[in-house]
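Please study the sequence and the structure displayed below, and then work through the exercises in order.

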Amino acid sequence: MKIQVLVGSTRQGRFSERVAVWVVEHLAADGRFDVELVDLRDYPLPFFDQAPPALTLRDYSGEDVARLGRKLDEADGFVVLTAEYNHGYPAVLKNAMDHTFVEWRRKPIAFVGWGNVGGARAIEQLRQVSVELEMAPLRHAVHILPDILRPARQADEPFDTSVFAPLEPRLTMLADDLHWWAGALATARAAQQY
């Protein structure tokens with residue numbers, strides 16, 4: 001079961017790299033997943049200005065979008081890592097989602113967020129977008145609140161994941177749900193082409 005951990009921020013000095021190491025390590029150690037990190041920095045896209053891909057499907061505007069589409073197609077499910085900016089999620093993440101459609105359909109998506117309220121407002125908005133992409137947004141998310149966010153940002157070793165230890169049970173719950181939904185939806189996708 002292939003799960004992609006999608007880094008939803010491309011800004012300089014982003015915190016998401018620390019979170020990505022922790023989430024990928026945890027899911028890989030779980031043993032039920034083939035985990036791949038997908039960093040939107042590796043998929044620079046133009047600003048979305050075309051016909052909606054829900055209508056055009058795989059008629060991509062260029063190779064840059066097609067390459068992202070091919071990568072997303074490989075996944076059975078997603079864990080999106082998102083910061084919260086001004087009560088919302090990063091524009092680069094929305095842009096990537098807007099450029100694609102069929103690659104997301106009928107797959108589960110879970111979230112790990114951070115910010116003053118643990119990214120809760122950004123995640124709630126992403127759940128709505130996910131429904132429109134015909135995905136199954138999962139209930140259990142991981143919210144990195146300031147009590148963990150601050151020490152994680154200040155840690156001398158940028159990839160020391162021990163600071164996230166209090167959140168391990170929550171990430172395990174997310175992984176359990178993701179495993180069930182990814183398996184169920186993969187079976188359903190295989191049984192009926194769409």
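This is a predicted model: local features need pLDDT of at least 70, side-chain atom pairs count only at pLDDT 80 or more; totals for chains, interfaces and linings use all residues.

**Exercise 1.** Determine how helix α4 is oriented relative to helix α5, and describe their contact.

*Solution.* 
1. Helix α4 covers residues 91-99 and helix α5 covers residues 120-132. Their axes come within 11 Å and cross at roughly 5°.
2. Angles under 35 degrees count as roughly parallel, and α4 is therefore roughly parallel to α5.
3. On the α4 side, the contact involves L93, K94 and M97, which meet L126, V129 and S130 of α5.
4. By class, the residues of this contact are four nonpolar, one polar and one charged.

**Exercise 2.** Determine how helix α1 is oriented relative to helix α7, and describe their contact.

*Solution.* 
1. The axes of α1 (residues 16-30) and α7 (residues 168-191) come within 11 Å, with a crossing of roughly 60°.
2. The two helices α1 and α7 are therefore oblique to each other.
3. The crossing of α1 and α7 is right-handed.
4. From α1, the residues W22, V23, H26, L27 and D30 meet E168, L171, T172 and A175 from α7.
5. The residues of the contact between α1 and α7 comprise five nonpolar, two polar and two charged.

**Exercise 3.** Is S130 buried or exposed, and which residues does S130 touch?

*Solution.* 
1. S130 lies in helix α5.
2. Buried means under 20% relative accessible area; S130 has 0% relative accessibility and therefore counts as buried.
3. The side chain of S130 reaches the backbone oxygen of L126 at 2.7 Å.
4. Leaving aside residues up to four places away in sequence, S130 touches M97, I109, F111, M135 and P137.

How values were computed: Residues are numbered from 1 along each chain as its sequence is written. Side-chain values use heavy atoms; hydrogens and water are left out. Axes are lines fitted to C-alpha atoms, for helices over the stretch in contact, and angles run from 0 to 180 degrees between N-to-C directions. Helices (H or I, at least four residues) and strands (E, at least two) are DSSP runs, numbered from the N terminus. Angles under 35 degrees count as roughly parallel, over 145 as roughly antiparallel, 65 to 115 as roughly perpendicular and the rest as oblique. Contact means heavy atoms within 4.5 Å. Ala, Val, Leu, Ile, Met, Phe, Trp, Tyr, Cys and Pro count as nonpolar, Asp, Glu, Lys and Arg as charged, and the others, Gly among them, as polar. A crossing is left-handed if the near helix is turned anticlockwise from the far one by less than a right angle, and right-handed if clockwise. Buried means under 20% relative accessible area, exposed over 50%, partly exposed in between (1.4 Å probe, protein chains only). A polar contact is a pair of N or O atoms within 3.5 Å; within protein, one must be able to donate a hydrogen and the other to accept it, and residues adjacent in sequence count only if both atoms are side-chain atoms.
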